Amino acid sequence: MLLNFKTTDYEAWKQPCHSYAGVEEALQVILHKDGIHHVPCEPSVLDVLVIGSKRLKDTRGICPLLVAFTAAQTNRTGRKAPFFSGREVAKSLGLPLIAISDPTLCLKEDIPLAWYVGNEAIPKLPHCIASILLGIANRYDVRLILFGGSGAGFAVLSQ
């Protein structure tokens with residue numbers, strides 16, 4: 001999977017982790033389970049945090065779904081990837097959230113921002129993210145609201 005586990009800390013999020021054999025399998029399950037989802041993004045994986053999945057079941061396809069991209073992580077001292085944003089915004093609005101962590105930040109602890117453009121492990125990252133988000137929107141009949149501050153704004157615009 002090409003993740004650098006020396007620079008990752010999934011336990012810090014206190015969420016269950018879910019792994020999948022392929023993107024289709026992930027899309028069938030992703031909005032049914034809160035937690036961190038390791039979605040295949042060949043040849044590696046994309047970490048996606050889902051919070052509030054139960055809210056989607058109660059709204060019969062009319063609920064907006066927030067999609068958060070993470071801005072620069074300038075003070076990473078003692079902190080390891082993945083990095084997820086948007087939890088407080090989703091909580092304050094009472095909406096479900098998908099937060100996407102930039103996998104490039106897993107490569108080295110001194111990378112603060114990578115704009116979700118990909119790297120040698122995931123050269124087609126923007127395409128992969130777009131495919132996953134389109135698959136979610138179509139499968140679950142939800143309206144996606146993408147957002148992200150600062151450097152994550154580039155990722156939002158590119159999607």
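I began with strand β3 (residues 44–51), which runs antiparallel to β5 and is joined to it by 4 bridges. Strands here are DSSP runs of E with at least two residues, helices are runs of H or I with at least four, and both are numbered from the N terminus. Two strands pair if DSSP finds at least two bridges between them. Val50 sits opposite Ile98 in β5.

A note on the source: this is a predicted model, where local features need pLDDT of at least 70, side-chain atom pairs count only at pLDDT 80 or more, and totals for chains, interfaces and linings use all residues. Residues are numbered from 1 along each chain as its sequence is written, and side-chain values use heavy atoms, with hydrogens and water left out.

Next I looked up the sheet: it is open, has 6 strands in the order β1-β2-β3-β5-β4-β6, and its pairing is mixed. At the edges I found β1 and β6 (143–147), each pairing on one side only.

Then the rings. Phe, Tyr and Trp (its six-membered ring) pair if their centres lie within 6.5 Å; planes under 30 degrees apart are stacked, over 60 edge-to-face, the rest tilted. I get 2 aromatic pairs by this rule. Trp13 and Phe84 have ring centres 5.0 Å apart and planes at 70 degrees, so they are edge-to-face. Trp13 lies before β1 (17–19) and Phe84 between β4 (64–69) and α3 (87–93), so the pair ties together parts 71 residues apart in sequence. Trp13 is buried at 17% relative accessible area (buried is under 20%, exposed over 50%, partly exposed in between, with a 1.4 Å probe and protein chains only). Phe84 is buried too, at 6%.
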